[in-house]
Structure formats: structure tokens, C-alpha cells
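Work through the exercises below with the sequence and the coordinates at hand. Each task is followed by a solution in steps.

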Amino acid sequence: MEPRMAEKGTLKDCQAIMKVLLLKDPKEDDRGQDPYIRELGLYGFEATLIPVLSFEFLSLPSFSEKLSHPEGYGGLIFTSPRAVEAVELCLEKDNKTEVWEKSLREKWNAKSVYVVGNATASLVNKIGLDTEGENCGNAEKLAEYICSRESSALPLLFPCGTLKGEILPKMLKDKGIPMESITVYQKIPHPGIQANLNSYYSQQGVPASITFFSPSGLTHSLKHIQELSGDSIDQIKFAAIGPTTARALAAQGLPVSCTAESPTPSALAAGIRTALQPHSC
């Protein structure tokens, strides 16, 4: 079977279409397609997305109160799209959209709004805030960026999940930069993980590669993947969206064939292509 070639045309002619599995929510961009599926398709891969996590929001009244008092903070830190969604929920639930647009947004914009990754940055931009640090790629690099710039005596407000990494808070603390974190969401297993994985394996077989997007996504799906793959698990190239997830894979004893250089569709697609490229025909 001839591979589907695209403008990047980098698969060898002798290679059949490879199926790759991404354990994440599908998210359409302005072109009506998930950008990960499109980027992988350019390399001739057939990608499937299966969500492994759902989210519950927490402490929104408390967070809403803090958002109403920008004068008490030196700025904001966002390291995930869910934290931005928590802001949106606070504005909707408390009918604060009007006061946000009239005054609060401008007051927060007078301060630094630090962000990890372009996906989170675009959501922050949509609620009217200007961002910086989005090109840092991970929390550790963002912490270095903040440490190089921050001099405010007021704390940075950091809405986060229950499983937030400790690298960023520790680095800021070590540099004497005040920060106030508030837990606004928690990850829970997606109710359809097992059924969706069963369906995928029965229809598509064992994928050539599986990409994990978070340590908690790995935790909730690994057992099912091991059972469904059986002895074929040794043939799967495991990929991670970033270094934290790669460490979680290694801790489970899984070989990491690819860690994306940045948490973007193009970087992941390039990494998977390199990991799956045949050395000879």
C-alpha cells in the first residue's frame, strides 16, 4: 500500500501507512481539523486521538475573588489551558464579564502574564490578556524566564491543577520571587478510556507509536494499553509531549523513543517521524 504523501513527503516509498495513537482530546483549529492529526498526516501517518482525561473545576468562588483584586498581585502565571478555562468560568458564573472588559482586564494587563506554550497563550489572548514567555515550552524554562525578569514585591497568582509540578514553584521560591498558587481543577480519568481503546485495537490493531501528553494520562491508560498490546508492546515506539511526561514513562520502565522538542504539533510530528523512520528498506 502506497503511503499518503504530502508536501513534506519524507516517508520512504517502501513504507506502508503507519498508524499512530495520541492520547489527548481532539481540538479543531480554525481550519476545522486537529493540528496534530494534520501535521502527522503531512508525514504520511494516520493519527487517531483518544481522550484519557476529564477535568473537574475547584475553588472557583475563591479564585473569582482573587481575580477581582489585581492590585494585590504582581501578575499571573498560566501553565495549562484548563487554568484559563477556570478564569472564563469565573467570569461567566459571577456575571463578571462586563466588569472584566471595563476595568479588570486592563488592570491585569498592566502586570506580567506569564504563559507556557502557544496553545495556552492563544486562550489567554482570547480573554484579552497580553502574554509573555509562551515560547519557553515547559514550566522549568518559564521559571528561568520569570526569574530573569521579575522584581515585583507582590506575589504572582498561579491557578493550577492538583498535580502541578513542583519545579516552577521551587525555582521561584529559591530566587525569592513571591507566588500564590490556587488549585482550580483536578484531572480525573475519562469515562470512555477502556471502551475507546478496545475499539481502536479491534479495528486498527497495535499502533506503531503511542504519544502521552501528561503523567496522569499515562497513569489512567497504561494498564489498558499493556493488556491490549500483549507481547506486541515491545514493537510500539512510545513518545512524550515533554520532559515531565518522558520522565513518567521512564519511571514505568517504558523506553521513550521520542520527546517532542517543544509541545507543538510540528515538533511532535517531526520527532515521531524520526523515531519511526526505517533504517533500510
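**Exercise 1. Cysteines**

Solution. 
Step 1. Check accessibility. C160 has a relative accessible area of 2%, so it is buried. C258 is also assigned by its relative accessible area, which is 6%, and is therefore buried.

**Exercise 2. Confidence and the annotated span**

Task: find where pLDDT stays under 50, and describe the span that the UniProt domain annotation covers.

Solution. 
Step 1. Over the chain, the mean pLDDT is 89, and 93% of the residues reach 70 or more.
Step 2. The stretch with pLDDT under 50 is residues 1-15, for which the model has 36 contacts beyond four places in sequence. Where pLDDT is low, predicted coordinates should not be read in detail.
Step 3. An unreviewed UniProt entry carries the annotation "domain: Tetrapyrrole biosynthesis uroporphyrinogen III synthase" for residues 36-269. In the model this span is 47% helix and 20% strand, and its end C-alpha atoms lie 7 Å apart.

**Exercise 3. The surroundings of R82**

Task: decide whether R82 is buried or exposed, and identify the side chain with which its own side chain makes a polar contact.

Solution. 
Step 1. Locate the residue: R82 belongs to helix α3, residues 81-93.
Step 2. Buried means under 20% relative accessible area. R82 has 13% relative accessibility and therefore counts as buried.
Step 3. The polar partner is the side chain of D25, at 3.0 Å.
Step 4. With neighbours within four places in sequence left aside, the contacts of R82 are D25, K27, F55, F57 and Y185.

**Exercise 4. Helix α10**

Task: repeat the analysis for α10, naming its buried residues and what they pack against.

Solution. 
Step 1. The buried residues are T245, A246, A248 and L249. Their arc around the axis is only 160°, so they sit on the same side of α10.
Step 2. The packing partners of this buried set are β8 (209-212), α9 (215-229), β9 (237-240) and β10 (256-259).
Step 3. Take T245 as an example. Helix α10, residues 243-251, contains T245, which is buried because its relative accessible area is 4%. Apart from residues up to four places away in sequence, T245 touches F212, F213, S214, P215 and A240.
Step 4. P243 is also placed in helix α10; with 33% relative accessibility, it counts as partly exposed.
Step 5. Just after α10, G253 has a positive phi of about 80°.

**Exercise 5. From P243 to N138**

Task: trace which residues P243 contacts beyond four places in sequence, then describe the polar contacts of the N138 side chain.

Solution. 
Step 1. P243 is in contact with N138 and T259.
Step 2. N138 lies in the loop between α5 and α6 (139-149). Its contacts beyond four places in sequence are V116 and P243.
Step 3. The N138 side chain reaches the backbone nitrogen of E140 at 3.1 Å. A polar atom of the N138 side chain also lies 2.9 Å from the backbone nitrogen of K141.

**Exercise 6. A positive phi in a loop**

Task: state where S59 is found and what is noted about its phi.

Solution. 
Step 1. S59 sits in the loop between β3 (53-57) and α2 (60-67).
Step 2. Although S59 is not a glycine, its phi is positive, about 55°.
Step 3. S59 has 39% relative accessibility and so counts as partly exposed.

Key
Residues numbered from 1 in each chain as written. Heavy atoms only, no water. Helix = DSSP H or I, 4+ residues; strand = E, 2+ residues; numbered from the N terminus. Buried < 20%, exposed > 50% of the residue type's maximum accessible area, 1.4 Å probe, protein only. Polar contact = N/O pair within 3.5 Å; in protein donor to acceptor, adjacent residues only side chain to side chain. Contact = heavy atoms within 4.5 Å. pLDDT = per-residue confidence, 0-100. UniProt positions renumbered as here; feature names shortened; annotations may be inferred. Arc of directions from axis to C-beta.
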